[in-house]
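Subject: Handing over a structure, with notes

Hello,

I am passing on a structure for you to look through, and below it I have set out what was found. Please keep the structure open while you read, so that you can find each residue as it comes up.

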Amino acid sequence: MPILRAEEFYAPAHPLPPDAWAARPPAERVFAWVEVRLSRRVTPPEGMLLGVRGFARINHGRWIADCQSCGSAQVVSPDDARFACTECGYGWVPLVFPDDVPAVEESLADAVPVEQNWWHPDDPTSPPPPADPAPEEA
């Protein structure tokens with residue numbers, strides 16, 4: 001299964017045409033989606049936060065990023081590598097994606113979505129790798 005990105009996840013709902021948000025950058029589509037789906041007015045922040053970066057990861061078949069302020073998460077896209085929180089208003093943060101996005105996505109393509117998970121190796125919040133099982137005693 002392909003890994004889901006913001007431009008597919010945050011699609012306009014009926015009665016809007018499927019391409020209604022095509023002119024919006026993928027990272028900004030979440031703001032339109034929240035307004036339509038949750039009936040909540042949210043305004044994207046202006047400018048990038050300086051000296052801050054976030055890490056994109058794959059969780060259950062979706063590219064996501066976590067808010068460093070409130071812990072909320074949203075679907076993101078390597079085609080627009082930035083994140084701003086619709087929950088707490090945390091400003092735009094540049095996101096770090098892997099150098100070879102297609103290779104990471106391809107490595108997970110045959111897994112079911114619940115098993116399509118990946119963390120950037122430089123992400124300080126990534127879980128430690130699984131421990132090697134103890135050798136069997138003879």
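How many helices and strands does the secondary structure of the chain come to? The chain has three helices and six strands, and along the sequence these elements follow the pattern α-α-β-β-β-β-β-β-α. Please keep in mind from the start that this is a predicted model.

The overall picture

The chain has 138 residues, of which 38% are buried, and its C-alpha atoms fill a box of roughly 65 × 35 × 25 Å when this is taken along the principal axes. If you take the contacts in the chain with a separation of 6 or more, residues 24 or more positions apart account for 51% of them.

The sheet

One part to look for is an open sheet of three strands, in which the order is β2-β3-β4 and the pairing is antiparallel. The strands at the edges are β2 (57–59) and β4 (73–75), and each of them has a single partner strand, so one side of each is left without a neighbour in the sheet. Neighbouring strands of this sheet are turned against each other by 50° on average, with direction ignored.

β2 and β3 pair in the antiparallel sense over three bridges, and here I58 stands opposite W63 in β3. The hairpin of these two strands, β2 and β3, has two residues between the strands, and in this hairpin H60 takes a positive phi near 50°. Strand β3, which covers residues 62–66, also pairs with β4 in the antiparallel sense, again over three bridges. In this second pairing A65 has Q74 of β4 as its bridge partner, while D66 stands opposite A73 in β4. The hairpin of β3 and β4 has six residues between the strands, and there G71 takes a positive phi near 90°.

Is W63 buried or exposed? W63, whose place is in strand β3, has 0% relative accessibility and therefore counts as buried. The C-alpha atoms of W63 and S77 are separated by 6.4 Å, although these residues are 14 residues apart along the chain.

W63 also belongs to the largest nonpolar core, which has 17 residues, and the members that touch the most other members are I58, W63, V76, F83, L95, F97 and W118. At least two residues of this core come from each of β3, β6 (93–96) and α3 (101–108), and α3 gives the most, with three residues. If you select L95 and leave aside residues up to four places away in sequence, you will find that L95 touches G54, F55, A65, V76, A81, R82 and F83. In soluble globular proteins, nonpolar side chains tend to be buried together.

The aromatic rings

How many aromatic pairs does a search of the whole structure find? The search finds six aromatic pairs, and one of them is formed by F9 and Y10, which are edge-to-face, with 4.9 Å from centre to centre and 90° between the planes. F9 lies in helix α1 (residues 6–9) and W33 in helix α2 (residues 26–38), so the pair ties together parts that are 24 residues apart in sequence. Taken together, F9, Y10 and W33 are linked into a cluster by ring pairs.

With best wishes

Definitions and conventions: Residues numbered from 1 in each chain as written. Predicted model: local features only at pLDDT ≥ 70, side-chain atom pairs only at ≥ 80, totals over all residues. Heavy atoms only, no water. Pairing = 2+ DSSP bridges. Helix = DSSP H or I, 4+ residues; strand = E, 2+ residues; numbered from the N terminus. Axes fitted to C-alpha atoms, helices over the stretch in contact; angles between N-to-C directions. Phe/Tyr/Trp six-rings, centres within 6.5 Å; stacked < 30°, edge-to-face > 60°. Core = buried A, V, L, I, M, F, W, Y, C linked by side-chain atoms within 4.5 Å. Buried < 20%, exposed > 50% of the residue type's maximum accessible area, 1.4 Å probe, protein only. Contact = heavy atoms within 4.5 Å.
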